[in-house]
Structures are given as C-alpha cells and as structure tokens.
Amino acid sequence: MRYISTRGGVEPLSFSQAVMMGLATDGGLLLPETIPVIPRGTLERWARMDFLTLAEEVVAQFVAEEDIPRQHLKRLVGQAFGTFSHADITPVVAVGEQYVLELFHGPTLAFKDVALQLLGHLFEYLLQRDGGSLTILGATSGDTGSAAIHGVRGKEGMEIFILHPYQRVSPIQEWQMTSVLDANVHNIAIQGTFDDGQAIVKKLFNDKDFRTKYHLGAVNSINWARIVAQVVYYFYAWGRLSGGDCERKVDFSVPTGNFGDIFAGYVAKRMGLPTGKLLLATNRNDILTRFFSTGHYSLGQVIPTMSPSMDIQVSSNFERYLFYLLHENSVKVREKMAELDAGGSFEVSRSALEAVGDFRAVAVDEDLTLKTIRSVHQKTGYVLDPHSAVGFAAATGTPGMVCLATAHPAKFGHAVRSAIGHEPELPPAWVGLEQRPRRCQVLPASVTAVREFISGQLG
Ligand SMILES: *Cc1c(COP(=O)(O)O)cnc(C)c1O
C-alpha cells in the first residue's frame, strides 16, 4: 500500500510516511494509490465482528505488514478505542424511523475522538520506532483542540500547544482542555478571537527556523490516518443492520463541514461497502450543497450557527474527492485549485457530477435544526445535538437511514436547552468537571508572546 498526492508531486510513500507528512509537500492531500476492494465473503465475516476486531481489519487494509506489523497495529487500535465509554464503541440505536450511529462516546464527547485517539497512538509509535520528536501546534474554536489534547496527553516524544480564544469557547469545551494536567499539554488562551489564534499559528508554521527547531506538526483533518479511522464505523453500522447480507444496502446521512467524515463514507463505498445514498448535510454554510447542485465551488463568508464545528467555507478534505471526480488526474486538480486560489471559485460540469451521483446534498437552516431537536425529543425522548440534528433533518422523508451523531448533546447544552427547555444530562465521567484543577496560560494575541512561551516551555 503506497500513498500519492492529489497534485502528483510526491514520490510514493508508506503509510507511516504519509501519517508523519500530514499535508503533502506539494500542497496536495495524500491518498492511497489504489483503494482496496473487499470481497463479499470478507464483508460477511466483518459484519459479525465487534468494533475492535473490525477496526484492526479495516486499518490493516491501508497499512503494509512490513511497514507496521499486524500485532503492533492490533495493540494501537486496542489502546485507541480503549478510552471509549461504551462497550460497542460506536453503537447504532433506533430513533423514530431512523437509526442513529453514536460517535460521541470518546473522551471529549465528539466524533473527532475516533480519529484523534488513533492518530495520537500512531504518532507515539512512529516516533519511538523511528526516533525524533513532535510539537503539535494548533488553534481551535473548541472541538478539534480538545480532541487533539486528549489524543496526545501523556504520550512520549510529543508536546502539544493549543490556542483557544480566551473566554470565547463554551465552558465545557474550556474545561475539557484546561483540566488536562499532563506535562506535555500546554493550553494557551489568546486575548483575541479564533481568527487571531489561527493567524498566529500560521505565522509560526511559516517561520522556518522555528518550525524546524521544534519539529512542528499539525493534527488537522488532512491527515490520512484520520480518514482511515472513520471508515471503520461505516462498516460497523452496516454490519449491525445487515447481519452480513450483501444485498442489504444502507443509506447514511452525514453532517459535514470539512468533508472528512463524509469522505470516509465515500471511501467505504469504494471499498465495496453496500451503500445506498450518501447524504451530505450542511448548515447554512452551504458551499458543498451549492457545489453538488450546481457544479460551482465558490467561497463565501462564514456564518456563525448553533452547529459551529460545521461553520466552514474551505472544506480541507474536498480536494481528495475532487481527485476522484476528475478521474485521478492530478494536472486537472492543480488547475482547479489554482483557480480557487486566484479567484475564489472553480466549476465542474454538472453532467459529470450527475453521472457519478455520489452524494445527495441538503442544507438545513437554524430554524429546522431547532425544530428537529424538539420534535425528535417529543416523539422519541432522544436528544440530538445541533450537528447531529442537521443530519437527521436532512434524512427526513427517507426512513431507515443511518444518521451520524457527531457530538453528545451535553456538549452543546445551550442550543439544546433552547429547543427542549432544559440542558441534557452530562455523562458521568464529566460530572464535576468545573471543579477539577486547571492549567492554562493567558497571553496577548501576539506572535512574539506565543513564540516566547513555546520556547520557554521547550527550552
Ligand atoms: C468536526 C465536526 C463535524 C464536521 O465533520 P467534518 O469531518 O469536518 O465534515 C460535525 N460535527 C461535529 C460535532 C464536529 O466536531
């Protein structure tokens, strides 16, 4: 299994090399040279596996034995998902006429844990095996930062610095980050906005001396290992519903921002998973919905919504799908991305999009999101978080879909309260969170201040 770039400028890499590289050095995204297709007999066997056994099988499809031996992979997968609080890891539950695939039983109550728990263990393993160290640096508006911190905490060879906007993340998000006291975790609260934090991080990555000296790395959604981890639960959900009957196709509805989660569903489909519809659900930030209905990909302004983890204009994983849409032609991918850079848009012919028919796209507004949380709660007693509600709303009218639930409702208690009148209950592990000791450095929104703080901590 070798990895190539969507832009064609990288010599084929091993899985390990692709994980450590993250973003391809030619500016593109890394992908396997070929996506493995799973024979029916294997699918039938996979359908009966528990999550851990299945995860090992799925991940092993993307990793050569001589790169990471199978028993090592087994251990890494076991450790990664050992932190989940539900015995099934990602259970499937019936809610009204749909199914909900609960992806929020990890340490930070959001689906990003599925990928970042595995990535943290992979990084640690590869650093121990090949030598070296890594300093993860990132800015967060809430979800990704806390999942990254919990993925990296206590791991050898790695330090993590996460910037969040001071007093501008939800209390639970802040506590989830700052109550982690492991020596390698460094929370920085910036006296400014999320954009200020992101600008500082970008400047530090562009400072070549600084980047090289501290081996800076990112954990953003472009890392291929994150996609692989997410492919697992599509197979798992199918297994639960089909019992291994390959004639049984399952439809998925996926709340989408960076196109990472839904792209994992697309990979699963290409691997031969009996998939019906892949429904791409966005909030009012509907660049993807517009693209799939018109063929125009054009950047606009980000609109804040009650599903903030999907408030995105540039979908960082979209280029991976574009590569397949353009028949794996990296010259054409480069052309489209250059158009996007220069003029903020590009176009793909509608007939090409309709011919492949990979996704159905639906945008859901704030009003419908709230109404969905309310009516699902009234009819079934089940509480959706606002992100999951976007996917659930998009599925309305097509019964029997698997709707991905990407966050625990307690994580977005404020929005849920405005829909159903009270805050959802916190899972037991998080009760008393606000009383735990915390550590966080408050700094002015200045590159110099952050650079000095990091140097001071690392020496
Ligand atoms: C990140 C996130 C999403 C969007 O996932 P993408 O892979 O970026 O499309 C949806 N819901 C929640 C709760 C998230 O944290």
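A polar contact is a pair of N or O atoms within 3.5 Å; within protein, one must be able to donate a hydrogen and the other to accept it, and residues adjacent in sequence count only if both atoms are side-chain atoms. The model is predicted, so local features need pLDDT of at least 70 and side-chain atom pairs pLDDT 80 or more, while totals for chains, interfaces and linings use all residues. Residues are numbered from 1 along each chain as its sequence is written, and side-chain values use heavy atoms, without hydrogens and water.

**Ligand surroundings**

| Residue | Distance |
|---|---|
| Lysine 112 | 2.5 Å |
| Aspartate 143 | 2.8 Å |
| Serine 309 | 3.5 Å |

**Helix packing**

Helices here are DSSP runs (H or I, at least four residues), numbered from the N terminus. Axes are lines fitted to C-alpha atoms over the stretch in contact, and angles run from 0 to 180 degrees between N-to-C directions.

Helix α16 (residues 366–380) packs against helix α18 (residues 413–420) at about 65 degrees, with the axes 8 Å apart. The two are therefore roughly perpendicular (65 to 115 degrees). In contact (heavy atoms within 4.5 Å), Leu370, Ile373, Arg374 and His377 of α16 meet Ala415, Ser418, Ala419 and Ile420 of α18.

Helix α4 (residues 70–81) and helix α5 (residues 112–130) pack at about 135 degrees, and their axes are also 8 Å apart.

Technical notes: Angles under 35 degrees count as roughly parallel, over 145 as roughly antiparallel, 65 to 115 as roughly perpendicular and the rest as oblique.
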